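Trainee: I would like a close look at one helix pair. Please keep it brisk.

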Amino acid sequence: PGFSMSAAEGEKPVITVVYWPIRFRGNFLLYVLEEAKAKYKVITNFPEIKARTQKNSNGYPVFAVPILEIGSFRCSQMPACVLHLANLFKLTPSGGKENESRGLMMLLNCNDILSEITMNGGKYKMWTPEEFITFTETRLAKWMTILNDALMENPDNAKALEEKRPLYYFGKSVCYSDFGVLAVLDGLVDEFGMGDYIKQWKNLYTFYTQMSSRPSVVKLWGFQKKTKNYKWCGGQIQESIEKAVEVMQKTKVKGGTD
């Protein structure tokens, strides 16, 4: 029915994540769980996913995956699930209420970026190379600039760069917002080979390389990527992006700088 990872054994209810076997919105939850060394399992097969979204399924009504289940608690919508886990494991932004709101904004930004990259899941059309290149030069470039600039709004990061310490969006410790940005960059850099494109935003790329080396991330990716079954978004929409990137890599695409 899925897989189990991490084993901080205890008496707490088992945490279940219900999601397709891809590294897309479900990974936002898994990054937090791995960082917290939580005991959890993942349900990935279609019959069980379908059963959990039916009207007569036990628990609070949900529309689609990802679904988070902890004992009798159940919710869906990726940002809601991530925020619940972040509060549970104390992985929320430091710095008070304003940063709490900014942290949620960053997560919602990432969710919007996913929707744009995948053309709302490819429900209406697939990318052509020309359209995807235009997207990378305009809207995606603007999003990457926002992610880069927001990173440097953290007053600690200028010194962190000098001292070669990890960069974080808030304070001096990791939070769910950092993993959200990582989840987006994982697809662009690792899955689609757009590292040179992201390097246009030097600090953002440094953040990506640092986050990629976190033990919790290495552990999760080690399982997912060695199987070669865990595509980033999957399906025809991923194929259309891959074809577009092949063309893009032969073309100098304009983006942004720090």
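At what angle do helix α6 and helix α13 pack, and how far apart are their axes?

Mentor: First, the ground rules. This is a predicted model, in which local features need pLDDT of at least 70 and side-chain atom pairs count only at pLDDT 80 or more, while totals for chains, interfaces and linings use all residues. Residues are numbered from 1 along each chain as its sequence is written, and side-chain values use heavy atoms, with hydrogens and water left out.

Now the pair. Helix α6 covers residues 129-137 and helix α13 covers residues 235-248. They pack at an angle of about 75°, with axes 8 Å apart. That makes α6 roughly perpendicular to α13 (angles under 35 degrees count as roughly parallel, over 145 as roughly antiparallel, 65 to 115 as roughly perpendicular and the rest as oblique). Axes are lines fitted to C-alpha atoms, for helices over the stretch in contact, and angles run from 0 to 180 degrees between N-to-C directions. Helices are DSSP runs of H or I with at least four residues, strands are runs of E with at least two, and both are numbered from the N terminus.

Who touches whom? From α6, the contact uses Pro129, Phe132, Ile133 and Thr136. From α13 come Ile241, Ala244, Val245, Val247 and Met248. Contact means heavy atoms within 4.5 Å. By class, this contact has eight nonpolar residues, one polar and no charged (Ala, Val, Leu, Ile, Met, Phe, Trp, Tyr, Cys and Pro count as nonpolar, Asp, Glu, Lys and Arg as charged, and the others, Gly among them, as polar).

Helix α1 (residues 25-35) and helix α12 (residues 215-227) pack at about 130°, with axes 8 Å apart. That makes α1 oblique to α12. The α1 side of the contact is Asn27, Leu30, Tyr31, Glu34 and Glu35. The α12 side is Ser216, Val217, Lys219, Leu220, Trp221 and Gln224. The residues of this contact divide into five nonpolar, three polar and three charged.

Helix α12 has another partner. The buried residues of α11 pack against it, and also against α7, α8, α9 and α10. Helix α11 spans residues 202-212, and its buried residues are Asn203, Leu204, Phe207, Tyr208, Met211 and Ser212. Buried means under 20% relative accessible area, exposed over 50%, partly exposed in between (1.4 Å probe, protein chains only).

Last, the whole chain. The protein chain has 13 helices and five strands. Buried residues make up 50% of its 258 residues.
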